[in-house]
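Here's a quick tour for anyone opening this one for the first time. Have a look at the structure below, then follow the notes along the chain.

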Amino acid sequence: MGKPAASRPPATPDAKTAHDLMGVLPMTAEVCDGRLCIGGVDMTDLAREAGTALYVMDEATIRHQLSEFVKWTRYHWKDVDVVYAGKAFLSLDIVRIVEEEDCCLLCASGGELAYAVRAGFPMERVQMHGNNKTPAELAECLDAGIGRVVVDNFEEMERLSALAAERGATQKVLIRVTPGVEADTHDFIMTGAEDSKFGFGLNQGLAMQAVKRAIELPGIDFDGLHMHIGSQIYALHSFAKAIEVMVAFMREIQAETGVAVRMLDVGGGLGVAYGAPDEPSTVKDFGKVVVDGIKEECEKHGLDVPRMAVEPGRSIVANAGVTLYTIGSVKEIPGIRTYVAVDGGMSDNIRTSLYDAHYEALIANKADQPREMVATVAGKHCESGDIVVRDAPLQCPEPGDVLCVCATGGYCQSMASNYNKQVRPGVVFVRDGEWRWAVRRETYEDLLRCDLG
Ligand SMILES: Cc1ncc(COP(=O)(O)O)c(C=O)c1O
């Protein structure tokens with residue numbers, strides 16, 4: 001989840017302007033009259049008109065990323081589903097965009113499924129995963145008629161079978177396997193113990209037992225296998241290693257049961273650039289490693305090539321988004337640190353407190369000025385750990401400036417909370433010089449709506 005602070009070099013003023021930060025900003029970012037514009041919209045004007053804190057999503061970047069995955073996976077094999085992982089960022093607008101870009105949708109809860117239903121998304125293109133789907137959520141999947149359920153444990157499989165049988169339905173399932181390959185940003189390590197709350201391990205024979213049970217249970221159609229080795233992965237050989245393991249398992253399944261695995265879903269996890277020097281792997285390289293890897297392994301084992309799926313989340317939305325804040329105060333502690341306080345914080349971006357994530361920041365109304373100082377961007381919550389960006393090179397900050405934190409399109413709005421009864425920011429989509437509310441800002445009434453006291 002990004003390099004921990006201890007392994008990052010100490011921050012220094014780096015004289016970078018917005019021009020030097022294009023690698024972490026949405027693809028439509030530009031500097032106009034010294035101010036940051038995204039999707040043809042001036043971020044300073046937007047912040048003042050729509051208010052802050054505010055999530056801004058660039059529609060062109062989202063569409064571009066989805067189409068890159070479609071292009072560079074189907075370039076190597078015709079039958080690949082690009083299944084956008086809604087957990088990264090979900091709103092009705094993005095569900096419609098995912099549909100228009102010929103992609104599928106991965107849901108992690110009944111709540112996420114409700115967005116797909118409300119948006120009228122084609123249900124056969126929905127997959128549901130999660131390590132403890134409730135009976136109610138399983139029933140919701142069946143009633144909605146979704147494409148596939150990714151089965152995570154034996155109890156769930158039995159429940160799904162019974163619920164499907166009650167309805168006279170048959171549900172396609174993928175069995176989630178932990179391939180024993182753990183990924184980080186630099187290398188992979190084998191996790192012999194397969195110590196994960198997700199899925200069925202291979203080593204103790206659980207995955208084979210699960211496949212056999214799925215084949216025999218009524219109401220369930222064993223369609224294939226699923227894996228997900230991690231997130232923010234830079235080293236593509238982790239995927240290659242896991243694919244080797246999974247295809248070898250496909251061969252074992254065929255040998256022991258006579259059943260061919262029809263689908264192999266390799267999950268998500270492609271890393272993105274959070275810092276200006278970051279150079280993640282490209283979607284093109286990812287497509288080649290994954291799709292060619294599966295084809296080559298199948299050939300090696302004499303297997304038919306299955307339908308494939310990839311589940312990108314972060315790599316679709318992270319760099320499509322920024323968060324805008326208004327600077328309230330600047331506190332200089334001589335010889336120690338300068339704090340820049342903004343009108344949001346850990347309630348709209350928990351990743352810094354949770355993972356020690358690091359972001360690039362700039363002042364939208366001073367975008368072409370060099371970042372001549374280092375400051376820590378602090379939130380407004382009652383926690384000293386409420387930091388948005390620690391030790392950020394920054395243009396000289398003043399109260400009233402619009403501060404832009406880059407690459408916040410993934411796992412920020414979707415992980416937001418009402419801590420300190422802070423209302424959650426709205427989401428604005430920008431496109432072709434226009435902006436629109438995709439999700440309105442919450443109000444105090446929203447906070448009080450569920451309180452029956
Ligand atoms: C099963 C599964 N698929 C896909 C994803 C998306 O991963 P990412 O956002 O890293 O691409 C996740 C996220 O953790 C996941 O759990």
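Let's start with a pair of residues: cysteine 37 sits opposite aspartate 42, which belongs to strand E3. Keep in mind as you go that the model is predicted.

- Strand E2, residues 35-38, is joined to E3 by 2 bridges, and the two run antiparallel.
- As background, strands in a sheet pair through backbone hydrogen bonds, and they can do so in a parallel or an antiparallel way.

- Strand E22 (residues 426-431) pairs with strand E23 (residues 434-439) over 5 bridges, in the antiparallel sense.
- Here phenylalanine 429 is the residue that stands opposite arginine 436 of E23.

**Helices H2 and H3**

- Helix H2 (residues 59-74) and helix H3 (residues 92-100) have axes that come within 10 Å and cross at roughly 40°.
- With that angle, H2 and H3 are therefore oblique to each other.
- The crossing of H2 past H3 is right-handed.
- On the H2 side, Glu59, Ile62, Arg63 and Leu66 make the contact, and they meet Ile94, Ile97 and Val98 of H3.
- Sorted by class, the residues of this contact come out as 5 nonpolar, no polar and 2 charged.

**Helices H4 and H5**

- The axes of helix H4 (residues 110-118) and helix H5 (residues 135-144) also come within 10 Å, crossing at roughly 20°.
- Are these two roughly parallel or oblique? H4 and H5 are roughly parallel to each other.
- H4 goes past H5 in a left-handed crossing.
- Gly110, Leu113 and Val117 are the H4 residues involved, and they meet Ala136, Glu137, Glu140, Cys141 and Ala144 in H5.
- This contact has 5 nonpolar, 1 polar and 2 charged residues.

**Around the ligand**

- Which residues come nearest to the ligand? Of the 16 residues around it, those are Ala85, Ser231, Gly268, Gly313 and Arg314.
- By class, the shell around the ligand splits into 5 nonpolar, 8 polar and 3 charged residues.

- For context, most residues other than glycine have a negative phi, and most peptide bonds are trans.
- Alanine 15 isn't a glycine, yet it has a positive phi of about 60°.
- You'll find alanine 15 in the segment before E1.
- Threonine 52 and alanine 53 are joined by a cis peptide bond, with omega at about -5°.
- Alanine 53 is in the loop between helix H1 (43-50) and strand E4 (54-58).

Notes. Residues are numbered from 1 along each chain as its sequence is written. This is a predicted model: local features need pLDDT of at least 70, side-chain atom pairs count only at pLDDT 80 or more; totals for chains, interfaces and linings use all residues. Axes are lines fitted to C-alpha atoms, for helices over the stretch in contact, and angles run from 0 to 180 degrees between N-to-C directions. Helices (H or I, at least four residues) and strands (E, at least two) are DSSP runs, numbered from the N terminus. Angles under 35 degrees count as roughly parallel, over 145 as roughly antiparallel, 65 to 115 as roughly perpendicular and the rest as oblique. A crossing is left-handed if the near helix is turned anticlockwise from the far one by less than a right angle, and right-handed if clockwise. Two residues are in contact if their C-beta atoms, placed from the backbone, lie within 7 Å. Ala, Val, Leu, Ile, Met, Phe, Trp, Tyr, Cys and Pro count as nonpolar, Asp, Glu, Lys and Arg as charged, and the others, Gly among them, as polar. A residue is near a molecule or strand if its C-beta atom, placed from the backbone, lies within 6 Å of it. Two strands pair if DSSP finds at least two bridges between them.
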